[in-house]
Amino acid sequence: MTVSIDLNGRTALVTGGSRGLGAAMCRTLARAGAQVAVHYARDAVRADAVVREIVAGGGRAVAVGGDFHAPDAVRGMVSQAQDLLGPIDILVNNVGREETTGDPFEHGWEAFEKSFDLNVRSAYLIAQGVAPGMKARRWGRIVNILSMAAHSYPKGMAAYSTAKGAFASFTRAMAVELGPDNITVNSVSPGWIPVERHGASTIPGRLVTAGRTPLGHLGVPDDVANVVAFLASDLASFITGVEVPVCGGVHLIS
């Protein structure tokens with residue numbers, strides 16, 4: 001018997017889906033049969049390119065925009081996605097980045113607030129928008145993209161590490177809240193996986209990271225996307241509240 005990930009008939013929304021890990025997630029979910037809303041913050045051209053690629057492969061996708069620093073923009077993006085594709089079955093909260101780096105006491109508490117707003121508040125607002133429909137249909141998948149920074153605490157990234165740690169707690173709390181409605185909430189924590197925004201200047205760091213990774217090499221975006229697709233599928237129907245590290249085993253020695 002062949003076991004495969006089948007997302008036919010499902011609708012997915014991937015935030016930050018126009019490039020990097022998010023674009024890989026969009027393509028993988030579409031190949032599994034889902035129709036996909038590809039969210040972008042500013043770069044509509046990149047989002048449209050991902051949509052065209054999915055459509056060329058026989059799938060269905062649309063681009064939806066919204067700057068997640070603004071609560072109204074988050075809500076508007078959710079409404080736009082559902083107007084275009086219908087109720088959201090699968091939510092991938094992928095938006096998140098290091099808003100401020102350096103000495104946390106020089107930047108002040110405002111840096112922490114900014115990081116929380118982007119990495120946690122936006123995910124809450126989107127979940128708030130899609131959860132009622134998931135509850136009504138008694139089926140839903142929420143996958144939150146965390147970071148190994150929530151566990152390794154890189155110097156100069158205190159605000160980001162703290163926000164991702166809060167996001168991990170949010171994931172587990174939502175798993176408890178939404179479980180009775182047959183909605184699973186899980187997370188994926190990528191290690192350092194180079195994408196477009198990592199230029200040539202990061203190559204020395206990549207070599208160091210690859211050298212200390214048990215598997216001996218860095219990952220690629222599809223490594224993360226494949227786990228996301230699994231957690232979004234019926235194959236993971238009895239898994240909730242977990243965090244899956246996709247880091248080549250580096251978490252074992254951190």
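Is aspartate 72 buried or exposed? Aspartate 72 is exposed, with a relative accessible area of 63%. The model described here is predicted.

## Salt bridges

Side chains of opposite charge can pair when their charged atoms come close. The structure holds 7 salt bridges. One of them joins aspartate 72 to arginine 75, with 3.2 Å between the closest N and O atoms. Both residues belong to helix H3, which covers residues 71-85, and they stand 3 residues apart, about one helical turn. Arginine 75 is partly exposed at 41% relative accessible area, while aspartate 72, at 63%, is exposed.

Helix H5 contains another pair, arginine 121 and aspartate 117, which are 4 residues apart, about one turn of the helix. Their side chains meet in a salt bridge of 3.8 Å, N to O. Arginine 121 is partly exposed, with a relative accessible area of 27%, and aspartate 117 is partly exposed with a value of 27%.

Aspartate 234 and arginine 141 form a salt bridge in which the closest N and O atoms are 3.5 Å apart. Aspartate 234 is in the loop between helix H9 (221-231) and strand E7 (243-246), and arginine 141 is in strand E5, so this pair ties together parts that are 93 residues apart in sequence. Aspartate 234 is partly exposed at 45% relative accessibility, whereas arginine 141 is buried at 1%.

## Charges over tryptophan 139

Arginine 141 also has its charged end over the ring of tryptophan 139, at 4.2 Å from the ring centre. Arginine 10 lies over the face of tryptophan 139 too, 3.5 Å from the centre of the ring.

## Aromatic pairs

A pair of aromatic rings is described by the distance of the centres and the angle of the planes. The count of aromatic pairs is 2. In the pair of tryptophan 109 and phenylalanine 112, the ring centres are 5.1 Å apart and the planes meet at 10°, so the rings are stacked.

Tryptophan 109 and phenylalanine 112 are both in helix H5 (residues 109-137), 3 residues apart, which is about one turn of the helix. Tryptophan 109 is exposed, having a relative accessible area of 53%. Phenylalanine 112 is buried, having a relative accessible area of 13%.

## Positive phi angles

Most residues other than glycine have a negative phi, and most peptide bonds are trans. Arginine 138 is not a glycine, yet its phi is positive, at about 55°. Arginine 138 sits in the loop between H5 and strand E5 (140-145) and is partly exposed, at 45% relative accessibility.

Asparagine 182 likewise has a positive phi, near 65°. Its place is the loop between helix H7 (158-178) and strand E6 (183-190). With 34% relative accessibility, asparagine 182 counts as partly exposed.

## A nonpolar surface patch

Four residues, Val3, Ile5, Phe230 and Leu235, make up a nonpolar patch on the surface. Together they have about 320 Å² of accessible area. Isoleucine 5 belongs to the segment before strand E1 (11-14) and is partly exposed, with a relative accessible area of 30%.

## Cysteines

How many disulfides does a search of the whole structure find? The search finds 0 disulfides. Cysteine 26 is buried, at 0% relative accessible area. Cysteine 247 also counts as buried, at 10% relative accessibility.

Conventions: Residues numbered from 1 in each chain as written. Predicted model: local features only at pLDDT ≥ 70, side-chain atom pairs only at ≥ 80, totals over all residues. Heavy atoms only, no water. Disulfide = S-S within 2.5 Å. Buried < 20%, exposed > 50% of the residue type's maximum accessible area, 1.4 Å probe, protein only. Phe/Tyr/Trp six-rings, centres within 6.5 Å; stacked < 30°, edge-to-face > 60°. Helix = DSSP H or I, 4+ residues; strand = E, 2+ residues; numbered from the N terminus. Lys NZ or Arg CZ within 6 Å of the ring centre and 35° of its normal. Patch = residues over 30% accessible without salt bridge, like charges linked within 9 Å, V, L, I, M, F, W, Y side chains within 5 Å. Areas by Shrake-Rupley, 256 points an atom, 1.4 Å probe, with all protein chains shown as cover.
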